[in-house]
Amino acid sequence: MLKGESEAMVKQKPNEAWLKALGERLRLCRDRAGMTQWEVAERLNIHPSAVGLWETGRNAPSDAHKLKMAELYNVSTDYLLKGDRRIAEARSVYDIGPAE
């Protein structure tokens, strides 16, 4: 813990490895959806550079954006956050759309 940081502040910082893994899953989902970073940004009403920062693991999307991307890419938030493929694969196999 750095001087001046509280324990709560340290706990809130995302782990670098987790950010990188999240970014890789976001890029993979976008590629599978056949979308560009620009198209994703338009759908989420954000600047395209934000998508690039997320996909490179330099920054994490807000919880609201994580939910929107899960719907956009037709995957679970569990898959985006933890890489849990079981739900993502079940949606694909049974052609289940995004949760409403």
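**The core**

Mentor: Start with the largest nonpolar core, which has 17 residues. Leu-26, Val-40, Trp-54, Met-69, Tyr-73 and Leu-80 touch the most other members. This is a predicted model, where local features need pLDDT of at least 70, side-chain atom pairs count only at pLDDT 80 or more, and totals for chains, interfaces and linings use all residues. Residues are numbered from 1 along each chain as its sequence is written, and side-chain values use heavy atoms, with hydrogens and water left out.

Trainee: What makes a set of residues a nonpolar core?

Mentor: The members are buried Ala, Val, Leu, Ile, Met, Phe, Trp, Tyr or Cys, joined through side-chain atoms within 4.5 Å. Buried means under 20% relative accessible area, exposed means over 50%, and partly exposed lies in between, using a 1.4 Å probe and protein chains only.

Trainee: What does Leu-80 contact, leaving aside its neighbours within four places in sequence?

Mentor: Contact means heavy atoms within 4.5 Å. By that test Leu-80 touches Leu-22, Arg-25, Leu-26, Cys-29, Lys-66, Met-69, Ala-70 and Val-75.

**Helix α5**

Trainee: Which residues of α5 are buried?

Mentor: They are His-65, Lys-66, Met-69, Ala-70, Leu-72 and Tyr-73.

Trainee: How do you know that they line one face of the helix?

Mentor: Look down the axis of α5: the buried residues fall within an arc of 165°, so they share one face. The arc is taken from the directions that run from the helix axis to the C-beta atoms. The face turned away carries the exposed residues Asp-63 and Leu-67. The cover over the buried residues of α5 includes α2, α3, α4 and α6.

Trainee: How do α2 and α5 cross?

Mentor: Their axes come within 10 Å and cross at roughly 35°. Axes are lines fitted to C-alpha atoms, for helices over the stretch in contact, with angles from 0 to 180 degrees between N-to-C directions.

Trainee: Is the crossing of α2 and α5 left-handed or right-handed?

Mentor: It is left-handed. That means the near helix is turned anticlockwise from the far one by less than a right angle; clockwise would be right-handed. At this meeting, Trp-18, Leu-26, Cys-29, Arg-30 and Ala-33 of α2 face Lys-66, Met-69 and Tyr-73 of α5.

**Salt bridges**

Trainee: Why is the pair Asp-31 and Arg-27 called a salt bridge?

Mentor: The rule asks for a side-chain nitrogen of Lys or Arg within 4 Å of a carboxyl oxygen of Asp or Glu. Asp-31 and Arg-27 meet at 2.9 Å, N to O, so they pass. They sit 4 residues apart in helix α2 (residues 16–33), about one helical turn. Asp-31 has 40% relative accessibility and is partly exposed. Arg-27, at 38%, is partly exposed too.

Trainee: How many salt bridges does the rule give?

Mentor: It gives 6. One network links Arg-27, Arg-30, Asp-31 and Glu-55.

Trainee: What makes Asp-63 and Lys-66 a salt bridge?

Mentor: Their side chains meet at 3.3 Å, N to O. Both lie in helix α5 (residues 63–73), 3 residues apart. Asp-63 is exposed at 57%, whereas Lys-66 is buried at 13%.

Trainee: And what distance joins Lys-82 and Asp-78?

Mentor: It is 3.8 Å, N to O, which still counts as a salt bridge. Both belong to helix α6 (residues 77–82), 4 residues apart. Lys-82 is exposed at 61%; Asp-78 is partly exposed at 28%.

Trainee: Where is Asn-74 found?

Mentor: In the loop between α5 and α6. Asn-74 has a positive phi, near 60°. Its 29% relative accessibility makes Asn-74 partly exposed.

Notes
Helix = DSSP H or I, 4+ residues; strand = E, 2+ residues; numbered from the N terminus.
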